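Please keep the sequence and the structure in view while reading.

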Amino acid sequence: TGPCNPDRHYMLPPEARLPDLLGFVQEELYFVVHAARQTGKTTAMMAFAERLRGLGYAAVWASLERSQGLEDPVQAEPIWLQAIHHRASQQLPAADHPPDRGPALAEHSSGRLYQFLSSWAAQCPRPIVLLLDEADVISGPALISFLRQLRAGFMDRGIGQFPTSVGLIGMRDLRDYLTQAKDGVPINPGSPFNIKSASLTLRNFTQAEVSELFAQ
């Protein structure tokens, strides 16, 4: 029903079932992690963000769930900015906080996310990593705008420019995002999310892990 808490829940080390995402972050790649509901995605990605912060990254986990059903970028973009701003202000030290959302919201629609993230990177002294949960709730023109703005930022990514790495987390496979965003047109091999032939997902529990859970 939500992220696991070691004080209340039986649980294993949350990153144990993830693919080795650190390499993607170190190589400044954008990636997608997908798995079914209640399999541990959110718990694992929140733990991964915490680990990255310990390694010197300005890493933020945020959920885009509140933009579900809003296909118009004019309505969806402010919700994305609010979610990222809120979580970044909670999870990062003051020196790494994003700027006020006002200037970005004053921009033309379909460019506000890019403007906000660019402005944040320009004043943040550390590499920014975004882990965007429930990204698969975005649909229609809002999804196309979302991916295009990340694509534009991918070309400029780096400290002082744009987040160096972005992860989209949800239930949908990598190709589902891209096919929908391109209205069924074959996927562009140059997409920043085409990082490997197989999509990234959480593996199943092993017998030893199931035994460990029962032992708890």
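Is glutamate 134 buried or exposed? Glutamate 134 is buried, because its relative accessible area is 17% and the limit for a buried residue is under 20%. The model is a predicted one, and the values below are computed from it.

**Two residues with positive phi**

Glutamate 134 is located in the loop between S3 and H6. Its phi is near 55 degrees, a positive value in a residue other than glycine. Glutamate 28 likewise has a positive phi, of about 60 degrees, although it is not a glycine. This second glutamate, glutamate 28, belongs to the loop between H1 and S1. Glutamate 28 counts as partly exposed, at 32% relative accessibility.

The largest pocket holds about 830 Å³ of space. Its lining consists of 30 residues, of which Gly2, Gln38, Thr39, Gly40 and Thr43 are the closest to the centre. The most comes from H2, with four residues.

The 14 residues of H2 should span 20 Å at 1.5 Å a residue, and its end C-alpha atoms are 20 Å apart, so the two values agree. Its buried residues are Lys41, Thr42, Thr43, Ala44, Met45, Ala47, Phe48, Ala49 and Leu52. These buried residues pack against helix H1 (22–26), strand S1 (31–34), S2, strand S3 (128–133) and strand S4 (165–170). Just after H2, glycine 56 adopts a positive phi of about 100 degrees.

**Methionine 171**

Methionine 171 is placed in the loop between S4 and helix H7 (174–181). With a relative accessible area of 37%, methionine 171 is partly exposed. Which residues does methionine 171 contact, leaving aside its neighbours within four places in sequence? The contacts are His34, Ala35, Ala36, Arg37, Lys41 and Asp136. One of these, Lys41, is also among the buried residues of H2. Methionine 171 and valine 33 are 138 residues apart in sequence, yet their C-alpha atoms are 8.1 Å apart in space.

**Salt bridges**

Side chains of opposite charge can pair when their charged atoms come close.

| Glutamate 77 | Arginine 112 | 3.9 Å |

Glutamate 77 and arginine 112 form a salt bridge. Because glutamate 77 lies in helix H3 (residues 73–91) and arginine 112 in helix H5, the pair ties together parts that are 35 residues apart in sequence. Glutamate 77 is buried, at 0% relative accessibility, and arginine 112 is buried as well, at 12%.

Aspartate 96 is buried, with a relative accessible area of 3%.

Arginine 203 is partly exposed, with a relative accessible area of 34%, whereas glutamate 209 counts as buried at 11% relative accessibility.

Helix H5 has 12 residues and reaches 17 Å from its first C-alpha to its last, close to the 16 Å expected at 1.5 Å a residue. Its buried residues are Arg112, Leu113, Phe116, Leu117, Ser118, Trp120 and Ala121. They pack against S2, H3, H4, S3 and helix H6 (140–156).

The loop between helix H4 (102–105) and helix H5 (112–123) contains histidine 108. Why does histidine 108 count as exposed? Its relative accessibility is 71%, and the threshold for an exposed residue is over 50%. Histidine 108 and valine 74 are 34 residues apart in sequence, and their C-alpha atoms are 8.8 Å apart in space.

Conventions: Residues are numbered from 1 along each chain as its sequence is written. This is a predicted model: local features need pLDDT of at least 70, side-chain atom pairs count only at pLDDT 80 or more; totals for chains, interfaces and linings use all residues. Side-chain values use heavy atoms; hydrogens and water are left out. On a 1 Å grid over the protein atoms alone, a cavity is a set of points where a 1.4 Å probe fits but cannot get out, and a pocket is an open set with protein on both sides within 12 Å along at least five of seven lines; lining residues have an atom within 4 Å of a point. Grid points are joined across faces, edges and corners, and a volume is the space filled by probe spheres set on the points. The expected span of a helix is 1.5 Å times one less than its number of residues. Buried means under 20% relative accessible area, exposed over 50%, partly exposed in between (1.4 Å probe, protein chains only). Contact means heavy atoms within 4.5 Å. A salt bridge is a side-chain nitrogen of Lys or Arg within 4 Å of a carboxyl oxygen of Asp or Glu.
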